[in-house]
Amino acid sequence: MTPHILTRSLDRAATTFILVVAALGVLIPLSNLLLPQGSLFQVPTYLVALWGKYVCYAILALSIDLIWGYCGILSLGHGAFFALGGYAMGMYLMRQIGSRGVYGNPILPDFMVFLNWDKLPWYWYGFDHFAFAALMVFLVPGLLAFCFGWLAFRSRVTGVYLSIITQAMTYALLLAFFRNDFGFGGNNGLTDFKDILGFNVQAEGTRAALFFLSCVALLIAFFICRAIVTSKLGKVLIAVRDAESRTRFLGYRVESYKLFVFTLSACMAGVAGALYVPQVGIINPSEFAPGNSIEAVIWVAVGGRGTLVGAALGAVVVNYAKTFFTSGPLAPYWLFMLGALFILVTLLLPKGIVGTYNSWRETRRSAAAAADEASAAREDGVAAPKMAE
Amino acid sequence: MFANCFVRLRAAFLSILLITCFALPALAGPFEDSVAKFANDEFSDTEEAIGEIAASGNQLAFPIISALQDGRLSADPETKKVFITQADSKIVDATTGAAVDKLPDNAATVRLNNRLRRTVEAALGGLTLMSPDPAKRLAAAQSVFKSHEESALPNVEAALAKETNKATRQAFAEARAAILLFKSDASDNDKLEAIAVIKARGDQEAMALLTSIGSDQPPLVAKAAAGAISSIQGNLAIWSGVQNAWYGLSLGSVLLLAAIGLAITFGVMGVINMAHGEMVMLGAYTTFVVQEVIRTRYPALFDYSLLIAVPLAFLVAGGIGVLIERSIIRFLYGRPLETLLATWGLSLVLQQAVRTAFGPTNREVGNPSWMSGAFELGQITITYNRLWILCFTMAVFAILLAMLRYSAIGLEMRAVTQNRRMAASMGIATSRVDALTFGLGSGIAGIAGVALSQIDNVSPNLGQSYIIDSFMVVVFGGVGNLWGTLVGAFTLGIANKFLEPVAGAVLGKIAILVLIILFIQKRPRGLFALKGRAVEA
């Protein structure tokens, strides 16, 4: 028996989502590993890595939907939390290279040897232990979000002002990580990974396992978000989104609620980044680019903000389209399409795919209910409207 | 082609005529004998010839000796005639300056050895000190100031006595002071005077000179030098402050220009226009197109290209702005976050459209003659393009301010900013005001593009590099008030430039961003916030 909080109001979309993700998470790795290569149903390894990437993006989209869709905080800097989580994982992976790097230094990563550094900077200490790195994946984005949110929400920076300063935050981090003397590999970032927990990062088995873990993480993130938005806490968040001052006047500490979801959402984004890095094999400062964060917001908008399922769906759909178009002859037109997507979705499909589908079903259901009532009334013979035949 | 040939012929003819005129007084006399010595192919004769020619004061002395230095001087040992091969590979007779068709078959280049090369350099130095061109004399005096070569002293003193140009005269005096300061047998009084002269110069080079005089100086001189050094240091610190302030003003004017349109759209309409940077880019590309047309059709108008581009850029960017407002933004009023996303998408489309039309690489936009070059003001160099951009920005700002204050549409805009519903009740067509406001903001961004095309690369990414900075300015200065934008832009520009030497360019920028984020906590609505009674802005 699952706890009440998980099953509460599991609608059809959510159930379908959970089943699909669980099925993909199990079937894709199994088909990749067990079926013979070249078989019709065998998923090639590159596709496993690609879909693993999509799943990580879906987690990022969920984290944005939690704050934007339910609490009205439009963060244009969520890519920064994603990238910070990624860097934490990347630092662990760099330390695992050990003496197998080009310069063969057992302690220092290659780029530090190249820059003639003689010892590890203090902030790299501890990253040779997976547990420490995993903790940092939560802690670094979480702490940044907490400090940032504490300052911003307490002084009631809202709306577009908040969006702009989150953008400034990720831009400042972008500039900082581009610097060589910052100690994170500068322009090139961290790459050339070898092992994760003793398994080869490139191996098929590891990739399949990472994909499986990403799906598990997506489901956990989904359950957490679901639990939050269907609880009383979720109701307060929606109230903050719709009428912040009124909620405050009713006696709620708005800033505490906002700070809580903002920090949680940053941790989720950090986890997404941490799972993303070993599957993609590189993390560099361009992940901090403000454009990336805005793009992540549009995934949520396409899928449907405030629907959770839609956010994950939007991330996969937009990124699948991106892969499809940028690898074909249509590549020069991708930016036109992406731009048009931004415009058209905000103008014509403000509820996104899932939101529009939901409201369409709603109207059909209420129309059907109205028709039922009408026919019932006619059978009773009470003031039934005359139907023109 | 034919006309071109003619122009060249005419130029050649004129130059020959000129050289012949100069050469006239030297037709007879010892000068010819001296020149003939080059033909002996003996180093001692060559040395004598150099000395005599340098002392002759003949107009041809400089061309001959510089030709000798570059290996362009040839001599015919039989006829004792000497020839100069000019830089444009024309050949002239060294004694008369008359043109010669070709070198005689047995003419050989006059050879030099290392000792002679030094003699040649010294002779050239002396000759340039006497050069009729004041700019050349100035350069020669400055090089003597740096080298403080004792052997140049008589030449410098002779030149100083004859000099009439004020700036050059001072340069000679400084050169003389530099030599005296390092001359071991100069009297203390001479040295003290020299230190005073160098102190008055007061720049980096003067300080380098004073710090390198060594410790074996008489105590009086050493003390004066130390005093002069500390005075120069104070002077330099002030000038570097002035320099930073100027750079800051310049950066601030660029920021202001980029942000001012944003301040209007954001301030009046509460619309976040992420495509604002692309309006700047369109303005820059308008300039490019105007210059292309002028280059191919009316080259004489090139100096006016920017004046033509400014109204065109305003119309292009403003027109597109009105179009955007009518087709997209109109439907998103009251939903600022959605507007932000839609305009971001729009910026992607515009960028890619320009990339498709003009290519992804940087486009060449030229400086008109009145915008290129620089002048010195004390110890700092001010480039004309930066100065003009500062003036231009202030003019745009003043016009905009006057427009908002005194024109009917400005009044309507202010009314809509302060209270949209009240303004609508008073009969103001708010949607028309919105369209015009957006067009105005975009048009000003286009004008900014014209100015920025002069100092930045014109590429499809031009706008993106300004958009975050512009937002910072607007957020810092506060919306709905142009003065806030002005103060914000100049504060950020100057703060940035004063942080740069301390922290480096990138760290300085990061520090500014962090400071703004912290500042927003204190004043969430910027420096000059509009006061209102609304709970939720």
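How many bridges join strand E1 (residues 73–76) of chain B to strand E2 (residues 81–85) of chain B? Four bridges link these two strands, which run antiparallel, and across them Leu73(B) stands opposite Ile84(B) in E2(B). Strands here are DSSP runs of E with at least two residues, helices are runs of H or I with at least four, and both are numbered from the N terminus. This is a predicted model, in which local features need pLDDT of at least 70 and side-chain atom pairs count only at pLDDT 80 or more, while totals for chains, interfaces and linings use all residues. Residues are numbered from 1 along each chain as its sequence is written, and chains are lettered from A and ligands numbered from 1 in the order in which they are written.

The open sheet in chain B has five strands in the order E4-E3-E2-E1-E5, with antiparallel pairing, where two strands pair if DSSP finds at least two bridges between them. Strand E4 (99–100) and strand E5 (108–109) of chain B stand at the edges with a single partner strand each, so one side of each is left without a neighbour in the sheet.

Chain B as a whole holds 21 helices and seven strands, and its C-alpha atoms fill a box of roughly 100 × 70 × 35 Å along the principal axes.

In chain A, 20 of the 27 residues of H11(A) are buried, so this helix is largely enclosed by the rest of the structure; buried means that 20 or more other C-beta atoms, placed from the backbone, lie within 10 Å of a residue's own. Just after H11(A), Gly281(A) takes a positive phi of about 90 degrees.

Conventions: A residue is buried if 20 or more other C-beta atoms lie within 10 Å of its own, exposed if 12 or fewer, and partly exposed in between; C-beta atoms are placed from the backbone.
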